[in-house]
Amino acid sequence: MTRTVYVNGEYLPEDQAMVSVFDRGFLMADAVYEVVSVLDGKLLDFAGHMARLTRSLDALSMDDPLTEDEYLEAHRQLVQRNGITDGLIYLQVSRGNPGDRDFVYPPKGTRPTVVMFTQAKPGLADAPAAKTGWQIISIEDLRWGRRDIKTVQLLYPSMAKMEAKARGADDAWLVEDGKVTEGTSNNAYIVKDGRIITRELSHDILHGITRAAVLRFAREAQMQVEERSFTLAEAQAADEAFVTSASSFVMPVVGIDGTPVGSGAVGPVATRLREIYLEESRKTAI
Ligand code: PMP
């Protein structure tokens, strides 16, 4: 079955789904995106992802071409047309195609480009890695200063991921001024003496939708949460570590730069938070 892709209101076979070479997303990384996970054919945390999309677009003074209902309809159409049970939906909005290359933004009224596609991930919630955990390397954070805007400038995170793979690890944590900012495509946490510690929100990190949900569930379960930055040494001496994202949910981290975290096995807090997150998010999935 060929995949159906959404481009500016049309549902097209993927080999016919195209945007212009002059699109600002292609030439300037002038685009923002969201990734929504699908479990049992339903969308997780949809409203949260839409709220962040609006925030990213506003931060870049980019028009939002669709209403939330239209985005929802397009998400559902893609789930249905591509027969997605478990997987991801990628959504990208760029500043569109001004018909040429120019650093100046295109004139008001230039239509933003909206592209959406699905990625089937059967068994997404049962990833075997959740039982064994990830090995992480650390690498300097060389990204720009507005990481809270979810832009498609993903070259550095991609380089960091490649470095992790080259060193036999699963992912990298990015470090700035001696403190961990976040993972290449996830938020980073440690657990010490029962307290869940994760960097506070600022321009330095993406405001993860999974992060917001996990911290809410943790607090509701009477767990102690501390939003502050932490060093790599602190992480290596922690009882547990983990990351969160829409595609990995809650993923335990069992080693950092070759040093085992805690016992070196997946710990109870990460395991419990993963269970709670999956259970609660499935309840509110739409
Ligand atoms: N930080 C970065 C840099 C990311 O790319 C992502 C995932 N897109 C996250 C954190 C996690 O965000 P979310 O929980 O909304 O997927």
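**The ligand and its surroundings**

The ligand sits in the largest pocket. Here a pocket is an open set of points on a 1 Å grid over the protein atoms alone, with protein on both sides within 12 Å along at least five of seven lines. A molecule sits in a pocket if more than half of its atoms lie within 2 Å of its grid points. The model is predicted: local features need pLDDT of at least 70, side-chain atom pairs count only at pLDDT 80 or more, and totals for chains, interfaces and linings use all residues. Residues are numbered from 1 along each chain as its sequence is written, and side-chain values use heavy atoms, without hydrogens or water.

Start with the shell. The ligand is surrounded by 17 residues, each with a heavy atom within 4 Å of it. Arg-52, Lys-150, Glu-182, Thr-210 and Ala-246 are the closest. By class, the shell holds nine polar, four charged and four nonpolar residues.

Both domain 1 (4–122) and domain 2 (129–284) give the shell at least three residues. At least two come from each of helix H2 (46–59), helix H6 (209–220) and strand S13 (240–245).

Now the polar contacts (N or O pairs within 3.5 Å). The side chain of Glu-182 places a polar atom 2.6 Å from a ligand nitrogen. For Thr-210, a side-chain N or O atom is 2.6 Å from a ligand oxygen. For Arg-52, the corresponding distance to a ligand oxygen is 2.8 Å. The protein buries 92% of the 390 Å² that the ligand exposes when taken alone, by the Shrake-Rupley method with a 1.4 Å probe.

Definitions and conventions: A polar contact is a pair of N or O atoms within 3.5 Å; within protein, one must be able to donate a hydrogen and the other to accept it, and residues adjacent in sequence count only if both atoms are side-chain atoms. On a 1 Å grid over the protein atoms alone, a cavity is a set of points where a 1.4 Å probe fits but cannot get out, and a pocket is an open set with protein on both sides within 12 Å along at least five of seven lines; lining residues have an atom within 4 Å of a point. Helices (H or I, at least four residues) and strands (E, at least two) are DSSP runs, numbered from the N terminus. Ala, Val, Leu, Ile, Met, Phe, Trp, Tyr, Cys and Pro count as nonpolar, Asp, Glu, Lys and Arg as charged, and the others, Gly among them, as polar. Domain bounds come from an automatic or database domain assignment.
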